[in-house]
Amino acid sequence: MSHILAIDQGTTSSRAILFDASMRLVAMAQEEFEQHFPQSGWVEHDPNDLWSTTAGTCRAVIEKAGLNVADIAAIGITNQRETTVVWDRHTGRAIHNAIVWQDRRTADYCADLRAAGHEPIVTERTGLLLDPYFSGTKLRWILENVEGARSKAQAGDLLFGTVDCFLIWKLTGGRVHATDATNAARTLLYDIRKGRWSRTICDLLGIPMRMLPEVRDSAADFGMVRDDLFGREIPIRGVAGDQQAATVGQACFRPGMLKSTYGTGCFALLNTGDTPVVSQNRLLTTIAYQLDGKPTYALEGSIFVAGAVVQWLRDGLKIIREASETQPLAEKADPGQNVVLVPAFTGLGAPYWRPDCRGAIFGLTRNSRPEELARAALESVGFQTRDLLQAMRDDWAGQGAQAVLRVDGGMSASDWAMQFLSDIIDAPVDRPQVLETTALGAAWLAGMQIGLYPGQAEFAATWALDRQFLPAMPERRRQEKIAAWTRAVEATLAF
Ligand SMILES: Nc1ncnc2c1ncn2[C@@H]1O[C@H](COP(=O)(O)OP(=O)(O)O)[C@@H](O)[C@H]1O
Ligand SMILES: O=P(O)(O)OC[C@H](O)CO
């Protein structure tokens with residue numbers, strides 16, 4: 001009973017990671033699954049794939065580590081957020097593919113609600129904006145478009161859940177229909193101040209409340225995995241959305257602490273303590289984690305394209321074969337050229353929230369080469385982060401601005417990108433030794449809940465630095481670069 005199994009169900013793959021009693025990562029298994037794009041702007045996952053890759057990677061990692069199931073004391077779950085599943089409570093079968101967070105199909109409906117003046121009340125209750133990103137309008141779409149769904153939901157035959165909730169239902173054999181507060185906070189249906197589903201918003205969107213799961217703390221009893229799955233019952237004791245789990249894994253426990261995760265997209269979360277700060281800059285107010293019934297709030301900036309711009313250089317332009325090649329290219333870029341890339345491939349997220357605009361490249365000359373494009377791609381991630389942090393500083397003014405940014409995610413491996421980030425935000429960037437912070441956060445929640453892992457302060461003390469990047473760009477150059485980026489974004493929005 002000395003290990004914790006973390007399940008990280010992400011947008012493109014499912015992973016299972018085992019941590020030992022000292023919170024050291026001992027083994028990992030990963031499996032990708034198919035992305036479905038039935039129409040332009042639509043993104044779906046087959047819920048059977050989410051389930052089978054989750055169960056498969058759990059089995060694989062236990063075998064890889066040479067462990068007995070009896071060695072696993074508890075499971076922690078972390079997941080892609082907002083992605084919406086509706087299933088039949090009697091058969092456990094989903095009635096439609098999962099609608100993924102990136103899916104824009106409800107953009108018109110969101111625009112109609114905004115035009116009718118509903119955004120202020122939605123923001124006041126949920127901390128979010130009327131954007132297709134969140135679960136609520138996706139759930140409504142399923143109820144409206146799957147034959148018979150609405151009447152079945154009203155009769156209590158259908159259940160809704162984010163991915164954590166669907167996996168808990170499957171793992172427990174339909175015994176538990178529950179989610180945690182961080183996932184609930186991304187649905188557009190949850191009152192983050194009162195800590196309960198909002199009747200007002202459910203009525204507005206036409207969501208029968210009996211479909212909604214029970215909301216628990218992030219470290220809590222989420223039931224037992226049924227014994228026929230892995231050979232023995234295992235308790236589920238931790239659940240958090242992946243960006244919130246990374247905030248926990250980075251030990252951002254004090255107000256003012258800030259982390260930014262660079263995967264496909266980039267998500268920056270600033271711990272604001274027990275106060276839900278209302279953004280004046282279209283950032284999101286969300287729950288970072290909830291322990292002992294007490295929510296800790298965060299301001300969040302969500303960028304849809306970060307590492308994905310590097311993937312585009314590789315798969316779209318084919319100017320690199322591997323993501324790491326961007327670094328030597330960027331180093332060789334001509335300092336005299338001012339190529340700026342705005343990677344609004346699926347619109348711009350925070351703080352602009354323009355789902356309709358598309359990407360652009362400025363400042364091209366006949367001498368522009370892959371070198372300058374690679375540099376512009378890496379720089380675009382730094383510039384976007386700077387926009388978020390500016391907005392956060394403004395919203396959090398007077399409360400002690402964050403001094404250091406803790407980073408993680410695949411793209412944080414790029415020294416060049418992290419140095420530019422530090423230069424452009426003019427603040428230190430700290431990269432920890434453990435880059436698997438999302439899984440670690442989920443494991444810690446579960447391990448702490450069963451008493452295997454230490455409490456918050458002792459866990460925070462185990463955070464260890466790999467490398468600190470310090471700002472080194474002359475101020476004048478920094479200002480010139482920011483001005484060029486700002487002009488490029490304005491032109492992109494106007495196009
Ligand atoms: N050395 C690198 N330089 C730049 N980008 C990188 C590097 N290594 C990985 N990436 C980018 O990081 C992303 C993968 O990070 P990961 O945290 O695994 O993402 P996700 O969980 O969203 O799938 C990819 O988009 C990839 O392009
Ligand atoms: O699965 P990821 O790592 O791309 O994260 C997705 C986010 O949770 C979306 O809000």
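These are my notebook entries on a predicted model of one protein chain and its two ligands.

**Ground rules**

I number residues from 1 along each chain as its sequence is written, and I letter chains from A and number ligands from 1 in the order in which they are written.

**Entry 1: the whole chain**

I looked up the secondary structure and found 17 helices and 23 strands in the protein chain. Helices (H or I, at least four residues) and strands (E, at least two) are DSSP runs, numbered from the N terminus. The radius of gyration of the protein chain is 22 Å, close to the 23 Å of the globule rule for 495 residues, so the chain is as compact as a globular protein of that length. That radius is taken over C-alpha atoms, and the rule is 2.2 Å times the number of residues to the power 0.38. Along the principal axes, the C-alpha atoms fill a box of roughly 65 × 55 × 45 Å.

I then looked up burial: 52% of the 495 residues are buried. A residue is buried if 20 or more other C-beta atoms lie within 10 Å of its own, exposed if 12 or fewer, and partly exposed in between, with C-beta atoms placed from the backbone. For contacts (C-beta atoms, placed from the backbone, within 7 Å), I took pairs at least 6 apart in sequence; 73% of these join residues at least 24 apart.

**Entry 2: two domains**

The domain assignment gives domain 1 (3-242) and domain 2 (251-432 + 464-495). Such bounds come from an automatic or database domain assignment. The centres of domain 1 and domain 2, taken over C-alpha atoms, are separated by 27 Å. I noted 20 residues of domain 1 in contact with 16 residues of domain 2. On the domain 1 side, the touching residues are nine nonpolar, six polar and five charged. In these classes, Ala, Val, Leu, Ile, Met, Phe, Trp, Tyr, Cys and Pro count as nonpolar, Asp, Glu, Lys and Arg as charged, and the others, Gly among them, as polar.

**Entry 3: the ligands**

How many residues surround ligand 1? I found 18, the closest being G263, T264, G307, G410 and S414. A residue belongs to such a shell if its C-beta atom, placed from the backbone, lies within 6 Å of the molecule. Helix α11 (residues 307-316) gives the most to the ligand 1 shell, with four residues. By class, this shell has six nonpolar, twelve polar and no charged residues. Domain 1 and domain 2 both give residues to the shell, so ligand 1 lies between them.

Ligand 2 is surrounded by G10, T11, Q80, R81, E82, W101, G241, D242, Q243, G263, T264 and G265. I sorted that shell into one nonpolar, eight polar and three charged residues. Ligand 2 also lies between domain 1 and domain 2, because both give residues to its shell.

**Entry 4: the annotated positions**

An unreviewed UniProt entry places the feature "binding site" at R81, E82, Y133, D242 and Q243. UniProt positions are in the numbering used here, feature names are shortened, and annotations may be inferred rather than shown by experiment.

I found R81 in the loop between β5 (72-79) and β6 (85-88). R81 counts as buried, with 26 C-beta neighbours inside 10 Å. Beyond four places in sequence, the contacts of R81 are W101, T162, N183, R186, G241, D242 and Q243.

E82 sits in the loop between β5 and β6, and I counted 25 C-beta neighbours inside 10 Å, so E82 is buried. E82 is not a glycine, yet it has a positive phi of about 70°.

Y133 is in the loop between α3 (119-126) and α4 (135-145). Is Y133 buried or exposed? Y133 is buried, with 26 C-beta neighbours inside 10 Å. Y133 is in contact with E82 and W101, leaving aside neighbours within four places in sequence.

**Entry 5: other places checked**

W353, in the loop between β19 (340-342) and β20 (360-362), has a positive phi near 50° without being a glycine. I counted 15 C-beta neighbours inside 10 Å for W353, so it is partly exposed.

In helix α6 (residues 163-171), nine of the nine residues are buried, so the helix is largely enclosed by the rest of the structure. Among the buried residues of α6 are D164 and K170. Just after α6, G173 takes a positive phi of about 65°.

Terms used: Predicted model: local features only at pLDDT ≥ 70, side-chain atom pairs only at ≥ 80, totals over all residues. Contact = placed C-beta atoms within 7 Å.
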